[in-house]
Amino acid sequence: MSDDDEELTYAAAGVDIAESEAATAALVGAVGESEGDYAGLLDIGDRYLGLATDGVGTKLLVAEALSDYSTVGIDCIAMNANDLVAAGVRPVAFVDYLAVDEPDERFAEQVGEGLAAGADRAGIELVGGETAVMPEVVSGLDLAGTCAGLAAKEGIFPGSAEVGDALVGVPSSGIHSNGLTLARRAVTRRGAYTDPCPFGDYDRLGDALLEPTRIYTDLLDPMRDHGVHAAAHVTGGGWTNLERLGDARYVIDDPFDPQPVFGFVQEAGNVSDEEMHRTFNMGTGFVAALDPDDAESLADAVDGRVIGRVEAGDGVSIRGLEL
């Protein structure tokens, strides 16, 4: 078997989820727990202040290869704002941090345009940021940020799915900004980011990887109106994110079809079905758990659909896979 035929995994590509979770647990153990899962929640009297921080990750390497940084700012805001939404918090403001090895007016302008577009989609304000020039620390650039939000005490989702709940899913826009280390390794086995894209409306393969992360702030009011118990932003770890909804078994009967980019990545990297679902959103970017009597109404309100249910037990079952 040649190296190009070897089965790729996220860990072999350079990101071991188990090691990452262990390191995160060690950090949390050192600084102490905070209320909230996707976002940190601070009790400020009659409301909660929610904070989330995240970056764009190795998607930046695709942007660098294509000399196109115009959408990564959208990803940066999306990865933060969506985590607040999953907690039931309305995002209100964002501050970015751009670290570079040397100043470059061209890509700085493109990053700024993306941040502005992301803020507009999320309905939030950009309230400042920082650009740090660190040639001995950073190679190229890194983009991250922090999003702040507010929620009334009764606006926060309870945080735990209940046995018997229905699961309502909402489509993703593609790979979003997770699993790019694996996706990049797979795609470049077959060619270059600049190669013509054999699927969709993309000119180049890299353009499919740069499709911006969908922003889900528009789901917040319908989810509150329909009494959602808990919600999950399907990010790093893929479908195992549903386990963050609480101790139960999550059975997915009718997920959205994966966009063609996932099939290309899987074939190019000889990636197993299990690894794909443990790494990527596979077409569904956000999931809410609620009373089944309200599920169809919520699905209609958010252009989603009922994709499964919550049972007693543990783990995630999807497309015949046990994750």
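Contact is taken here to mean heavy atoms within 4.5 Å. By this criterion, among contacts in the protein between residues at least 6 apart in sequence, 85% join residues at least 24 apart. The structure is a predicted model, in which local features need pLDDT of at least 70 and side-chain atom pairs count only at pLDDT 80 or more, while totals for chains, interfaces and linings use all residues. Residues are numbered from 1 along each chain as its sequence is written, and side-chain values use heavy atoms, with hydrogens and water left out.

The protein contains 11 helices and 12 strands, assigned as DSSP runs (helices H or I, at least four residues; strands E, at least two) and numbered from the N terminus. The C-alpha atoms fill a box of roughly 50 × 50 × 40 Å along the principal axes. The radius of gyration, taken over C-alpha atoms, is compared with a globule rule of 2.2 Å times the number of residues to the power 0.38. For 323 residues a compact globule would have a value near 20 Å, and the 19 Å of the protein agrees with this.

Buried residues make up 51% of the 323 residues, where buried means under 20% relative accessible area, exposed over 50%, and partly exposed in between (1.4 Å probe, protein chains only). The protein exposes about 14100 Å², of which carbon and sulfur atoms supply 46%; accessible areas come from the Shrake-Rupley method with a 1.4 Å probe.

A nonpolar core is a set of buried Ala, Val, Leu, Ile, Met, Phe, Trp, Tyr and Cys residues joined through side-chain atoms within 4.5 Å. The largest such core has 97 residues, of which L167, M223 and W239 touch the most other members. Helix α4 (residues 72–87) gives the most to this core, with 10 residues. Beyond four places in sequence, W239 touches V234, I252, H277, F280, N281, M282, T284, V287, I307, V316, I318 and L323.

I124 lies in the loop between α5 (105–122) and β4 (125–133). With a relative accessible area of 7%, I124 is buried. Apart from residues up to four places away in sequence, I124 touches I77, P91, V92, A93, F94, A119 and C147.

Q266 is placed in helix α9 (residues 260–269). Leaving aside neighbours within four places in sequence, Q266 is in contact with V271, S272, D273 and M276.
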